[in-house]
Amino acid sequence: MIETIAATPPWVALAYLAAGICFILALRGLSSPATSRRGNRLGMIGMALAVGVTLYLHGTGLVEILIAVAIGGIIGFVIARKIAMTAMPQLVAAFHSLVGFAAVLVAAAAFLNPGPFGIADGGVIHLQSRIEMGLGVAIGAITFSGSVIAFLKLNGNMSGKPIILPARHVINLGMLAAILGLIGYFLTDQSGWVFWTITALSFLIGFLLIIPIGGADMPVVVSMLNSYSGWAAAAMGFTLHNTAMIITGALVGSSGAILSYIMCRAMNRSFISVIAGGFGATADAGGAEKVDRPWKRGSAEDAAFLMSQAEQVIIVPGYGMAVAQAQHALREMADKLKEAGVRVKYAIHPVAGRMPGHMNVLLAEANVPYDEVFELEDINSEFAQTDVAFVIGANDVTNPAAKTDKTSPIYGMPVLDVAKAKTVLFVKRSMGGVGYAGVDNDVFYMDNTMMLLADAKKMVEDIVKAMDH
């Protein structure tokens, strides 16, 4: 039987409260790389406790549930073991889509057979349950379809450039008004066409909201979809009368919303503009024709000599470092520089990579000391007094066009001032590639810049070898 509020023993509420405390402490732990492992463990303990209590209360179909849990657990374990860190952003987006789709399925099951859920009398669904059901299926469907688009953009199956539809804001606002209106009408008429129309419109608007958002704003999209998945789970928690789902969903939803807001502030973006579907984006954003300009090419030996003679080197990691899995070689290079008496620091942009904290995770994986890693606002003023800025696979987060070119899709986003360093060593595969936002970087062509064109890992390994000679 489905757990109901009236039938819930006191110890169950206490167990769910303990699980909620574990989730809160997990979020607290994830706020710092130094405590992130402990945070993950607390989150796992809280989830195991919540799932265990829910299974204990479920009187029928327990064998089928355990089989489904085992299948899902095995799939999740295999994916976690095999997934590359570079693919983590699209994996997160894919998991968000599953949470959204699960909310849609729960809402559909409750609508088609409300009796076992304890939300109907004589086949008539309670009004409060219709509200929960309508909001849950709408948020879940938006989360699913929006996460699918985010996955396709992050995985390279779809262009990272904004895809602008004519009159998109009118269309989106009209569909949103229709969804809200139908949810209101659902309170007076629980006909199937109302429920399924809400579901279909929500799936569609999820696609339309994410398609016009460009690659430069994708980290915000990831955290925003995380928030949506939380609210969808919370809404379904009310339908299932499950306290743990309500608590967990509310925590995920609120923390994701706060993170999205913080990310928008860090990028000097309007939170409302981003969640409204790339408001202000233009169809030709990032599409300017690239012009051939003179640039200087260097070698691993040149880089090794310049950094060995420096007093301070600031390393700026980006998504290119992640793709090449160069973090371990980078730490080895930094260790050799420190042995030679060079001060080494790491500068991290809040949106480096394709999800929040991407670079911090990779550096932590390579055991880079936490006290050497600095956020943008803490280190940006030091570039002017730095001998060498070593940029490895970063582009958009170092592009001065964000400050000077009002037509650029990254205009207004704070960037790392690597151009102010005495020498800039810029590692990238080729001069033909551009960043995820699709714009060229003026730093490539400056007099104080030396381009190191190669796979990031191979280039760093060659620099380490050159330091040994």
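Where in the chain is the place of N367? In this predicted model, N367 lies in the loop that runs between helix α14 (358–365) and strand β5 (373–375), and its phi is near 60 degrees, a positive value in a residue other than glycine. Most residues other than glycine have a negative phi. With a relative accessibility of 59%, N367 counts as exposed, because the cut-off for that class is over 50%.

A positive phi also occurs at H241, a residue other than glycine, where the computed value is near 55 degrees. H241 is likewise placed in a loop, here the one between α8 (218–240) and α9 (243–266). In contrast to the exposed N367, however, H241 is buried, since its relative accessible area of 19% falls under the 20% limit.

The relative accessible area of T423 is 19%, and this residue is therefore classed as buried. T423 is situated in strand β7, which comprises residues 423–428, and, when residues up to four places away in sequence are not counted, T423 touches L306, D387, V388, A389 and N448.

Among the helices, α1 (residues 10–29) packs with α2 (residues 36–57) at an angle of about 160 degrees, the two axes being 7 Å apart. Because this angle is over 145 degrees, α1 is roughly antiparallel to α2. The contact between α1 and α2 comprises 18 nonpolar and six polar residues, with no charged residue taking part, and the crossing of these two helices is left-handed.

How values were computed
Residues are numbered from 1 along each chain as its sequence is written. This is a predicted model: local features need pLDDT of at least 70, side-chain atom pairs count only at pLDDT 80 or more; totals for chains, interfaces and linings use all residues. Side-chain values use heavy atoms; hydrogens and water are left out. Helices (H or I, at least four residues) and strands (E, at least two) are DSSP runs, numbered from the N terminus. Buried means under 20% relative accessible area, exposed over 50%, partly exposed in between (1.4 Å probe, protein chains only). Contact means heavy atoms within 4.5 Å. Axes are lines fitted to C-alpha atoms, for helices over the stretch in contact, and angles run from 0 to 180 degrees between N-to-C directions. Angles under 35 degrees count as roughly parallel, over 145 as roughly antiparallel, 65 to 115 as roughly perpendicular and the rest as oblique. A crossing is left-handed if the near helix is turned anticlockwise from the far one by less than a right angle, and right-handed if clockwise. Ala, Val, Leu, Ile, Met, Phe, Trp, Tyr, Cys and Pro count as nonpolar, Asp, Glu, Lys and Arg as charged, and the others, Gly among them, as polar.
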